[in-house]
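Dear colleague,

I am passing on the structure we spoke about, and below it you will find notes on what turned up when I went through it. Please keep it open beside you as you read.

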Amino acid sequence: MSEISVGASSSAPSAFSAFSARRLVRRLPVVGGIAAGSVLLLAGPAFAHVTVQPGSAPKGGFATVDIKVPNERDNASTVKVEVSLPTDHPLASVMAQPVPGWKVDVTKSKLAKPIEMEGEKIDEAPSKITWTAEGKGIEPGQFQQFPLSVGQLPSDTDQLVFKALQTYDNKDVVRWIEPAKPGGPEPQNPAPVLKLTAADAQGPADGKSGAKGENTAASASTSDTTARVLAVGGIVVGIVGIAFGVLAGRRRNA
């Protein structure tokens, strides 16, 4: 009887360890899925909004910017984008670069207070730009950039707000019009913003302003996303390491 008891006792830890190992292997896909979801959760918001790219330009000059519009729906395409130009600091010159598959309309409005540009008084300025898809539009999983040449950028403000409406082919409309409050949380649907910097901060305003800043911003964005991915990956590796360490300890104790 004693031999049977000893045999059962010595095999139990081994069986338990094997069972635990199988449970760990079954759970690894779940851990991986959680990690992947964490990466998307961390990186996703940076790409989900309508934004102005690059995000900054020097005051007093002209700049070329893109209105970047991602599709955040799984079952609908974006077929219209409307961008309201700032009226508190109007832009006398706004030119849209043709985008294949899209029709563009520029609406002008009378100014309450005329502005002066290159020695001429201007009493009307572009107030809204509308892009309408002539084909499928921006399909799920895609984004589109709409280039604009804008100027003369004002010198008496630190930012320009471009409120936008994004219309889907299922009639849903997302209103990117919420202002961000300094020091507060980001709104659910923030309005696209172009930050204005000192004229000498990014070099002369030559129509290509922001090239250096765009590269820097892109590099920072890439580095930030990479750091987040590596951080989540490190957590997963740590969890797996701890689990295997526990199993190894149980085997040694056995």
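The notes that follow begin with the chain overall and then turn to its aromatic rings.

Please bear in mind that this is a predicted model. The protein chain has three helices and twelve strands, and of its 254 residues 30% count as buried. Among contacts between residues at least 6 apart in sequence, 75% join residues at least 24 apart. The chain exposes about 15300 Å², of which carbon and sulfur atoms supply 57%.

As for the aromatic rings, the count comes to two pairs. In one of them, the ring centres of Trp102 and Phe146 are 5.1 Å apart with the planes at 85°, and because an angle over 60 degrees counts as edge-to-face, this pair is described that way. Trp102 belongs to strand β6 (residues 102-117) and Phe146 to strand β8 (residues 143-151), so that the pair links distant parts of the chain, 44 residues apart. Trp102 counts as buried at 10% relative accessibility, and Phe146 is buried too, at 0%.

Phe146 also pairs with Trp131, the centres being 4.7 Å apart and the planes at 35°, which makes the pair tilted. Trp131 lies in strand β7 (residues 120-133), and its pairing with Phe146 in strand β8 therefore ties together parts that are 15 residues apart in sequence. Trp131 is buried, with a relative accessible area of 1%.

Technical notes: Residues are numbered from 1 along each chain as its sequence is written. This is a predicted model: local features need pLDDT of at least 70, side-chain atom pairs count only at pLDDT 80 or more; totals for chains, interfaces and linings use all residues. Side-chain values use heavy atoms; hydrogens and water are left out. Helices (H or I, at least four residues) and strands (E, at least two) are DSSP runs, numbered from the N terminus. Buried means under 20% relative accessible area, exposed over 50%, partly exposed in between (1.4 Å probe, protein chains only). Contact means heavy atoms within 4.5 Å. Accessible areas come from the Shrake-Rupley method with a 1.4 Å probe; for residues, only the protein chains shown count as cover. Rings of Phe, Tyr and Trp (its six-membered ring) pair if their centres lie within 6.5 Å; planes under 30 degrees apart count as stacked, over 60 as edge-to-face and the rest as tilted.
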